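Work through the following exercises with the structure open beside you. Each task is followed by a stepwise solution.

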Amino acid sequence: MEEWQQLLVDGINRSSQIPPPWKSSKEGVGQGEVEKTFPIRINAYYRSLITDPEGPIGRQVIPDPEEVLDFDSPVDPLGEDSDSPVPAIVHRYPDRVLFLVTNQCPIYCRYCTRKRMIGTPEGVVTRGEVEEGIEYIRTHPEVRDVILSGGDPLMLKDDYLEFILSGLRKIPHLEVIRIGSRVPSSLPQRVTPELCAMLKKYHPLFMNLHFNHPDEITPESSLACNMLADAGIPLGCQTVLMKGVNDEAGILKKLFQKLLTIRVKPYYLYQADLTRGANHFRTPVSTGIRIMKELQGHTSGMAIPHFVIDAPGGGGKVPILPPDYLVSMEDGDVVLRNYEGNVYTYPDAPLLDEPAEEEGGQGFRGSGVGTAGERNGKGLGKS
Ligand SMILES: *Cc1c(COP(=O)(O)O)cnc(C)c1O
Ligand code: SF4
């Protein structure tokens, strides 16, 4: 057995293994009740990072009775099941698909949007479904980008993962392969020299990792990221904004800055989805906006992800920018507010190729510019 497999075996996989100081119950509901709906996995490495069950690492993986006291939130908040032409594929955007290749993960995150399927017998992805997914991509020439996800694709054995990657690479219209993985942050021992040597045969291959807190950046996870980066894999990070885990600008600033030191570029900061069993992690959207304002301009642009809300019911990711930056866009003037709160005016370029619809004047910086500006900027800064 490899080291990473042993760490899974030696972890906490049942509620009966939860140490007494980590036990909790609410309204007569205990963690054993939670386990019946949402499985538990805290591998021995990730477990070693927990100093306080109520702390930012503990909260992410220790089952909370709240999970089963939430009856109203949807089980599939993003409507993924209805955007699924074959069982393993979610095809929502024109040119790219999600390919769910496994329902196993290095840890079972309590906040997971896909907790309806993660680690459950019903959620298992069969080899037949994976083959059907590859076939779907082969027969859909519009798909130029595939995101292997799940579950965590790096939980598959090297040769099965290679079977998938090589099958995908034979498809001429598929340009980019991405892997979404929690492994480097939560089971970094899985990133072996053999895995890296295999992955680098399938470039252009990108990876989006999943770190939520600076305490997840350890010597072990740093080494894993550096090995992947040395295999030529561009690394991004998707972080979920969560109450009691990372909902403070100082924590996220430290996380994003430290990620850059291990060659990981923050990609998305997600507003937590309204998911049954994970609702207690949500923060108000205004918290995320405030945090983005505290980051933008105050630290490297490289360290700043896009803050997005995945719109309920399958609307896809919508970027949320603090509304402050663009004050107004009228009469050819774009009024801007910078990170320090100072206001600047940028004289807009004229829209020369668009005929003016109202009034006369077509001259450079004439009223035609103002008309176009008004047309495009209707409402901006007036709300
Ligand atoms: C997030 C997501 C993608 C990838 O989106 P990008 O913005 O390109 O990273 C693709 N399909 C689905 C269904 C998604 O949820
Ligand atoms: S690793 Fe990802 S898919 Fe797996 S439980 Fe955590 S958030 Fe969900």
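For sorting residues by class, Ala, Val, Leu, Ile, Met, Phe, Trp, Tyr, Cys and Pro count as nonpolar, Asp, Glu, Lys and Arg as charged, and the others, Gly among them, as polar. The model is predicted.

**Exercise 1.** Describe the lining of the largest pocket by class and by element.

Solution. 
- Step 1: The pocket has a volume of about 1100 Å³, and 41 residues line it.
- Step 2: Sorted by class, this lining holds 20 nonpolar, eleven polar and ten charged residues.
- Step 3: Leu 98, Arg 114, Ser 149, Gln 238 and Tyr 270 are the lining residues nearest the centre of the largest pocket.
- Step 4: Strands 4, 5, 6, 7, 8 and 9 each supply at least two lining residues; strand 9 gives the most, with four.

**Exercise 2.** Locate ligand 1 and find which elements give two or more residues to its shell.

Solution. 
- Step 1: Ligand 1 sits in the largest pocket.
- Step 2: Strand 4 (96-100) and strand 9 (264-271) are the elements that give two or more residues to the shell.
- Step 3: The shell residues divide into six nonpolar, no polar and four charged.

Notes
Residues are numbered from 1 along each chain as its sequence is written. Chains are lettered from A and ligands numbered from 1 in the order in which they are written. This is a predicted model: local features need pLDDT of at least 70, side-chain atom pairs count only at pLDDT 80 or more; totals for chains, interfaces and linings use all residues. Side-chain values use heavy atoms; hydrogens and water are left out. On a 1 Å grid over the protein atoms alone, a cavity is a set of points where a 1.4 Å probe fits but cannot get out, and a pocket is an open set with protein on both sides within 12 Å along at least five of seven lines; lining residues have an atom within 4 Å of a point. A molecule sits in a cavity or pocket if more than half of its atoms lie within 2 Å of its grid points. Grid points are joined across faces, edges and corners, and a volume is the space filled by probe spheres set on the points.
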